[in-house]
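Subject: Structure for you to look at

Dear colleague,

Please find the structure below, followed by my notes on it. I would be glad if you could read the two side by side.

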Amino acid sequence: MDKRLKSSEREAFRLIEEMLQLMESRGLVELEMEHQGLRIRLKKASTSPTPQVVEYVAGIPQPIAPPGSAKAAEDTHRIVIKSPMVGTFYRAPAPDAPPFVEIGHDIEVGQVVCIVEAMKLMNEIKSEVAGRITEVLVDNGAPVEFGQPLFVVEPPQ
């Protein structure tokens, strides 16, 4: 019986090695196999030491003041960049890195203005407008909601 156990162990190791080679050659993340009553399931752990980065373009900018209000004439040229998702707001790509934008910085369409972390994914938020940052409305590391204002931008004159 001892020889049979060793033979079945060898068979199991051979199957595992074949499955690993198959996973590697085909780029599979998970594989399950059953052979002669032996069921083996392999699943790769994430090999990425850094979080994945997904890019998002901030939603369509909205004027700050509603038309017809007392400040409408002053504020119609100011635009708000809002969060496209719920998550954690980060002004910089890393804790020791400088912020993507500061008050007074000129930005362009498609420029990354911040990161919103959601479900362990770092989502780069890109501006849909060009202009100058006049206000940063959220503290670094603060939670944000969908549609929450992040920045105020004054379009170029």
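Residues are numbered from 1 along each chain as its sequence is written, and side-chain values use heavy atoms, with hydrogens and water left out.

As to confidence, pLDDT (the predictor's confidence in each residue, from 0 to 100) averages 77 over the protein, and 69% of the residues score at least 70. Where pLDDT is low, the predicted coordinates should not be read in detail.

The secondary structure comes to two helices and twelve strands; helices (H or I, at least four residues) and strands (E, at least two) are DSSP runs, numbered from the N terminus. Along the sequence they follow the pattern α-β-β-β-β-α-β-β-β-β-β-β-β-β. Of the contacts with a separation of 6 or more, 52% are between residues 24 or more positions apart. Buried residues make up 29% of the 157 residues, buried meaning under 20% relative accessible area, with exposed over 50% and partly exposed in between (1.4 Å probe, protein chains only).

Strand S12 (residues 149-154) runs antiparallel to strand S5 (residues 79-82), to which four bridges join it, and S12 also pairs with S10 in the antiparallel sense over four bridges; two strands pair if DSSP finds at least two bridges between them. Val-152 in S12 stands opposite Val-80 and is also the bridge partner of Glu-135.

The largest nonpolar core has 19 residues, of which Phe-89, Ile-107, Val-113, Cys-114, Leu-150 and Phe-151 touch the most other members. Such a core is a set of buried Ala, Val, Leu, Ile, Met, Phe, Trp, Tyr and Cys residues joined through side-chain atoms within 4.5 Å. S5, strand S8 (112-118) and S12 each supply at least two residues of this core, and the largest share, four residues, comes from S8. A second, separate core of six residues includes Leu-15, Met-19, Met-23 and Ile-40.

A search of the whole structure finds one aromatic pair, formed by Phe-89 and Phe-151, which is tilted, with 5.9 Å centre to centre and 55 degrees between the planes. Rings of Phe, Tyr and Trp (its six-membered ring) pair if their centres lie within 6.5 Å, and planes under 30 degrees apart count as stacked, over 60 as edge-to-face and the rest as tilted. Because Phe-89 lies in strand S6 (residues 87-90) and Phe-151 in strand S12, the pair ties together parts that are 62 residues apart in sequence. Phe-89 counts as buried at 0% relative accessibility, and Phe-151 likewise counts as buried at 0%.

Finally, Ile-133 lies in strand S10 (residues 131-136) and, at 1% relative accessibility, counts as buried. Its C-alpha atom is separated by 5.0 Å from that of Ile-103, 30 residues apart along the chain. Leaving out residues up to four places away in sequence, Ile-133 touches residues including Ile-103, Ile-107, Phe-151 and Val-152.

With best wishes

How values were computed:
This is a predicted model: local features need pLDDT of at least 70, side-chain atom pairs count only at pLDDT 80 or more; totals for chains, interfaces and linings use all residues. Contact means heavy atoms within 4.5 Å.
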